[in-house]
Amino acid sequence: DSDHEAVLEATRSCSEAEDDLQCLLEKLRDLVEAKSLGVVCSALLEVENGIKTGLGIFCPVELGAVEGSSCSWWEVAKCTAKVLAAGIACPNPGANTKYFECMVKALGAASPCLPCVCSIIPITPCPF
């Protein structure tokens, strides 16, 4: 669609700029003024999802498992907010049974984020 194409064009046009980040921010501000914040945000999310998909397909080694974890970088990125929120909600943080039970309850027993808990909150030994 033309909105995400406008974001891609802004990115392309700034790639050679001396201050490419500043250039892109100015181009995106211009798009927000010309269209709307919601339209530009939707287009940015669409571009971001395409880039993330490409990374997952073409860069699996770079997005591989986090050291000492069965979670990939991508899974850690997706689960961090949920795990941190659950960790804050659970009393007595650390390697103890009540904390682990609380984390399982807060995240849900079938949560794909459970294996990532110890990659996000350093707990040793890790029961997940």
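1. In what order do the elements of the chain run from the N terminus on? The order is α-α-α-α-α-α. The secondary structure comes to six helices and zero strands, where helices (H or I, at least four residues) and strands (E, at least two) are DSSP runs numbered from the N terminus.

2. On the basis of the model: this is a predicted model, in which local features need pLDDT of at least 70 and side-chain atom pairs count only at pLDDT 80 or more, while totals for chains, interfaces and linings use all residues. Residues are numbered from 1 along each chain as its sequence is written, and side-chain values use heavy atoms, with hydrogens and water left out.

3. Burial. Of the 128 residues of the chain, 27% count as buried. Buried means under 20% relative accessible area, exposed means over 50%, and partly exposed is in between (1.4 Å probe, protein chains only). The accessible areas come from the Shrake-Rupley method with a 1.4 Å probe, and for residues only the protein chains shown count as cover.

4. Salt bridges. The count comes to four salt bridges, a salt bridge being a side-chain nitrogen of Lys or Arg within 4 Å of a carboxyl oxygen of Asp or Glu. Side chains of opposite charge can pair when their charged atoms come close.

5. One of the salt bridges joins the side chains of Asp3 and Lys35, at 2.8 Å from N to O. Asp3 lies in helix α1 (residues 2–14) and Lys35 in the loop between α2 and α3 (37–58), so the pair ties together parts that are 32 residues apart in sequence. Asp3 counts as partly exposed, at 21% relative accessibility. Lys35 also counts as partly exposed, at 40%.

6. Within helix α1, Arg12 and Glu9 are three residues apart, about one turn of the helix. Their side chains meet in a salt bridge with an N to O distance of 3.4 Å. Arg12 is exposed, with a relative accessible area of 53%, whereas Glu9 counts as partly exposed at 43% relative accessibility.

7. In helix α2 the pair is Glu33 and Arg29, four residues apart, about one turn of the helix. Salt bridges that share partners join Arg29, Asp30 and Glu33 into one network. For the side chains of Glu33 and Arg29, the N to O distance is 3.9 Å. Glu33 is exposed, with a relative accessible area of 61%, and Arg29 counts as partly exposed at 46% relative accessibility.

8. Surface charge. Which residues form a negative surface patch? The patch is formed by Glu18, Asp19, Asp20 and Glu26. Patches are made of residues with over 30% relative accessible area and no salt bridge, with like charges joined within 9 Å and nonpolar side chains (Val, Leu, Ile, Met, Phe, Trp, Tyr) within 5 Å. Lys and Arg count as positive and Asp and Glu as negative, while His and the chain ends are not counted. The place of a charge is taken as NZ of Lys, CZ of Arg, CG of Asp or CD of Glu. Glu26 lies in helix α2 (residues 20–34) and counts as partly exposed, at 35% relative accessibility.

9. His4 is found in helix α1. Is His4 buried or exposed? At 18% relative accessibility, His4 counts as buried. The side chain of His4 makes a polar contact with the side chain of Glu46, at 3.2 Å. A polar contact is a pair of N or O atoms within 3.5 Å; within protein, one must be able to donate a hydrogen and the other to accept it, and residues adjacent in sequence count only if both atoms are side-chain atoms.

10. Ser111 lies in the loop between α5 (97–107) and α6 (117–120). Ser111 is buried, with a relative accessible area of 14%. A polar atom of the Ser111 side chain lies 3.0 Å from the backbone nitrogen of Cys113.

11. Thr80 is found in helix α4 (residues 73–89) and is partly exposed, with a relative accessible area of 26%. The side chain of Thr80 reaches the backbone oxygen of Val76 at 2.6 Å. Thr80 and Ile120 are 40 residues apart along the chain, and their C-alpha atoms are separated by 6.3 Å.

12. Pro125 is placed in the segment after α6 and is exposed, with a relative accessible area of 58%.
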